[in-house]
Amino acid sequence: MFILGDSTADVGTNSLLPFSFIRADFPFNGIDFPSSQPTGRFSNGFNTVDFLGFQISPPPFLSLVDSQSSMNKQFLKGVSFASGGSGLLDTTGQSLGVIPLGKQIQQFATVQSNLTAAIGSDETEKLLSKSLFLISTGGNDILGHFPLNGGLTKEEFIKNLSDAYDNHLKARFFLLSILMITGVPPIGCCPLSRLADINDHCHKEMNEYARDFQTILSALLQKLSSEYGGMKYSLGNAYEMTMNVIDDPPAFNLKDVKSACCGGGRLNALLPCLKPLATVCSNRDDYLFWDLVHPTQHVSKLAAQTLYSGPPRLVSPINFSQLVEDN
């Protein structure tokens, strides 16, 4: 299993980047992790990828590069390249010291080269054709587009994201592999975005971008799957999944879908989740949001369960478990 994307999937990459401003290697992050210590995950515990029917997310690529023997052994099992604050576009998070998707793909090329040297090109291709690639990205691109839009219309910007995704997915190992992709949730409803409205309502325009991105991403994957027969995929509709929760919190045993559990000030979103500045809620499973933008461990588990076994309305054309079983 190889993981690429942003903070929704980061398991410690940014903690290994000395000049990154986007990191989660400090309390209260990790308060509900088995060790009760921060792990670099932007969560009170595990994130969604950790719950996707596997033992736990593979380790960050950067944690392996100093040991050739450990590196090659782990490469046979999987690696995470996900970097919080990154995006589809190289310019997203550029000043924050993070690793954009394009560079993550370059890092994977290093993995591919090492595997080829260790087990040969045929065995490497066979291994990768049975490997799972999970990609979770796009939200930071949209967040960074507001409030300044760079003179682009919504349609122009979404097309830029689609073109970038198209270029990234045409890397040969993607086209011959098994892809699990998640779209962008309604980021206009996260506590940070709600601050822009005096009544704490969702940022409607931002949500429109996220919804339109889901539509264009679905069309792109259908096109690529038709053009390249070896490509198998499953697309999670993070937008609809999250809106279901926001529209009916009790159905998911939640009580607060507006505020951050960890932070300070209005909606607990005026201060970061940073001890001792922040306060942290005791009833974390009652909250949708852990901090300014990220879900709690409880909601991450709900998301993983839906991605793994949800209906076509939420995961299409097949869900993650069907994708694995078919291959």
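**The cysteines and their bonds**

Tutor: Let us begin with the torsion about the S-S bond of Cys189 and Cys202, which is about 110 degrees, so this disulfide is right-handed. Cys189 sits in the loop between strand E4 (178-182) and helix H7 (191-194), while Cys202 sits in the loop between H7 and helix H8 (204-227), and the bond therefore ties together parts that are 13 residues apart in sequence. Please keep in mind that this is a predicted model, and that the sulfur atoms of Cys189 and Cys202 are placed 2.1 Å apart in it. The two partners can also be described by their accessibility: Cys189 has 0% relative accessibility and counts as buried, whereas Cys202, with a relative accessible area of 22%, is partly exposed, the cut-off for buried being under 20%.

The structure holds three disulfides, and we can now turn to the others. Cys261 and Cys281 are joined with their sulfur atoms 2.0 Å apart, and their link, with -100 degrees about the S-S bond, is left-handed. Because Cys261 lies in the loop between strand E6 (256-260) and strand E7 (262-263), and Cys281 in the loop between strand E8 (279-280) and strand E9 (287-289), this pair ties together parts that are 20 residues apart in sequence. Cys261 and Cys281 are both buried.

The remaining disulfide is formed by Cys262 and Cys273, whose sulfur atoms are 2.0 Å apart. The torsion about the S-S bond of Cys262 and Cys273 is about 85 degrees, so this disulfide is right-handed. Cys262 belongs to strand E7 and Cys273 to the loop between E7 and E8, so that distant parts of the chain, eleven residues apart, are linked. Both Cys262 and Cys273 are buried.

If you number the bonded cysteines of the chain in sequence order, you will find the pairing 1-2, 3-6, 4-5. Cys190, however, takes part in no disulfide, and the nearest cysteine sulfur to its own, that of Cys189, is 8.2 Å away.

Buried residues make up 54% of the 327 residues in the chain.

Conventions:
Residues numbered from 1 in each chain as written. Predicted model: local features only at pLDDT ≥ 70, side-chain atom pairs only at ≥ 80, totals over all residues. Heavy atoms only, no water. Buried < 20%, exposed > 50% of the residue type's maximum accessible area, 1.4 Å probe, protein only. Disulfide = S-S within 2.5 Å. Helix = DSSP H or I, 4+ residues; strand = E, 2+ residues; numbered from the N terminus.
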